[in-house]
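Hi,

Here is the structure I promised to send over. Have a look at it first, and my notes follow below.

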Protein chains: 2
Amino acid sequence: MLLANADIDNSQALTERQQAVLDAALRLLVEEGDNLTMTAVARRASCSKETLYKWFGDRDGLLTATVQWQASKVRVASVDGKGLDLASLTASLERFASDWLSVISSDTSIALNRVAVGHAGSGKDDLGAVVLENGRFALARRLKPVLEAGRQAGLLEFTDAETAFRTFFGLVGRDVQIRLLLGDRLELTEAAIGGDAARATQQFLALFGAKAGPQGL
Amino acid sequence: MLLANADIDNSQALTERQQAVLDAALRLLVEEGDNLTMTAVARRASCSKETLYKWFGDRDGLLTATVQWQASKVRVASVDGKGLDLASLTASLERFASDWLSVISSDTSIALNRVAVGHAGSGKDDLGAVVLENGRFALARRLKPVLEAGRQAGLLEFTDAETAFRTFFGLVGRDVQIRLLLGDRLELTEAAIGGDAARATQQFLALFGAKAGPQGL
DNA sequence: GGTTATCCGTACCGTACGTTACGGTTCGGC
DNA sequence: GCCGAACCGTAACGTACGGTACGGATAACC
């Protein structure tokens, strides 16, 4: 689910072997966090450090390549907004919500966000921007057309799609991501995710659904 | 505002000088992120490295002491729930919301959360737990009585205070914290914070206010 | 079969930084 | 005035790790 890098792959000239190396680096990143060593990556990937440096320049290059490689793999599924009624809109929103919760609670996402947050402090590279672009902003790009379609169909009422999206984002994510990033155990079962997605969707519809007045500016 | 460590200070036997050292470390942490060196701290605090090690054990000890020191300073103001009507409840909620937004958008909070997130990966210390305990969970402890009072006064309707709190948390924070942690520029002016706090409060009241039916489980 | 390119494995170098050790100074107690 | 404790400044040590160099193996190509 929610993986679909089939069509246009932005893997800029990555050979099979290089992808395997990046996968190894990614696995190591999940296990070790940001304190993975080049030696460890080389050993895990069964390649030489010299090759790593030839291919990726330096440690930061390897890290960004790894993050981009993973980012190119995780894609929230898109939704077509034709024949929209309340049921299908609700289903779409719930789908987005549960997909998003699945992503942010996955080990790889947590690890990637951790290293990106860490690097955002001493801004050598733009890992934070990459993660943000392929995470929160990609989600917005996918969801906003659905919201707009819902408004066109008379199902939703809002003035600014960005504001509506951010509210939905907040209702879905709540404190989950920061708690996970800070190391809080918080296992999200499939069922819990489904329940949260449904709840968030209902709350969003209560706030932005047509004929439900009280949503402010 | 929102600082009140007057009464019971949990500064466990920290001399004036030690607090000054921790303040210096904190300032350096904000500037340099997690890659601050013991030498830099010693120089900034005008103390010797030997003293640092005698007082705080090792680098991690210094870091946790710094985080706890800051945590003991930042306290969200508490609210008394007597004579509660809709206006005062709204005011309290807005106050909580804007205080919280001010905290999470402050430089020190961002820096502290960054290092805590980074350390949560390779779990040597419990910086994440400390931050979580003094951030998100402290907020919940302060806010829940207000919510309960609101329910007692017939102003709010909810079955689980935790769920209600988490919804409020999501409506207030939305994507702000993760974006800031990932390095997104996002200056929150006083006015913007006030507006967001009011919006979040209104949305929360729309969902959980009495005589507003549609809030699900 | 020879040549060349690619890459693995490993040894090596330089450096940054955590940690420790030590001499010099201040200061309170007697 | 002397002693010891606390502390500053700095030098020194050990190590981990990023980055580089080199020998040997494999394979493609002629």
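Let me start with the surface near DNA strand D (near: a heavy atom within 4 Å of the strand): its residues divide into 5 nonpolar, 4 polar and 7 charged. Here Ala, Val, Leu, Ile, Met, Phe, Trp, Tyr, Cys and Pro count as nonpolar, Asp, Glu, Lys and Arg as charged, and the others, Gly among them, as polar.

Please keep in mind that this is a predicted model, with local features needing pLDDT of at least 70 and side-chain atom pairs pLDDT 80 or more, while totals for chains, interfaces and linings use all residues. Residues are numbered from 1 along each chain as written, chains are lettered from A and ligands numbered from 1 in written order, and side-chain values use heavy atoms, without hydrogens and water.

Back to the DNA: α3(B) gives the largest share of that surface, 4 residues (helices are DSSP runs of H or I, at least four residues, and strands runs of E, at least two, numbered from the N terminus). In the side chain of Glu50(A), an N or O atom is 2.5 Å from a base nitrogen of DNA strand D.

Between the proteins, 39 residues of chain A contact 39 of chain B (heavy atoms within 4.5 Å). There are 4 salt bridges between these chains (a Lys or Arg side-chain nitrogen within 4 Å of an Asp or Glu carboxyl oxygen). One joins Arg136(A) and Asp175(B), at 2.0 Å from N to O.

Best wishes

Methods. A polar contact is a pair of N or O atoms within 3.5 Å; within protein, one must be able to donate a hydrogen and the other to accept it, and residues adjacent in sequence count only if both atoms are side-chain atoms.
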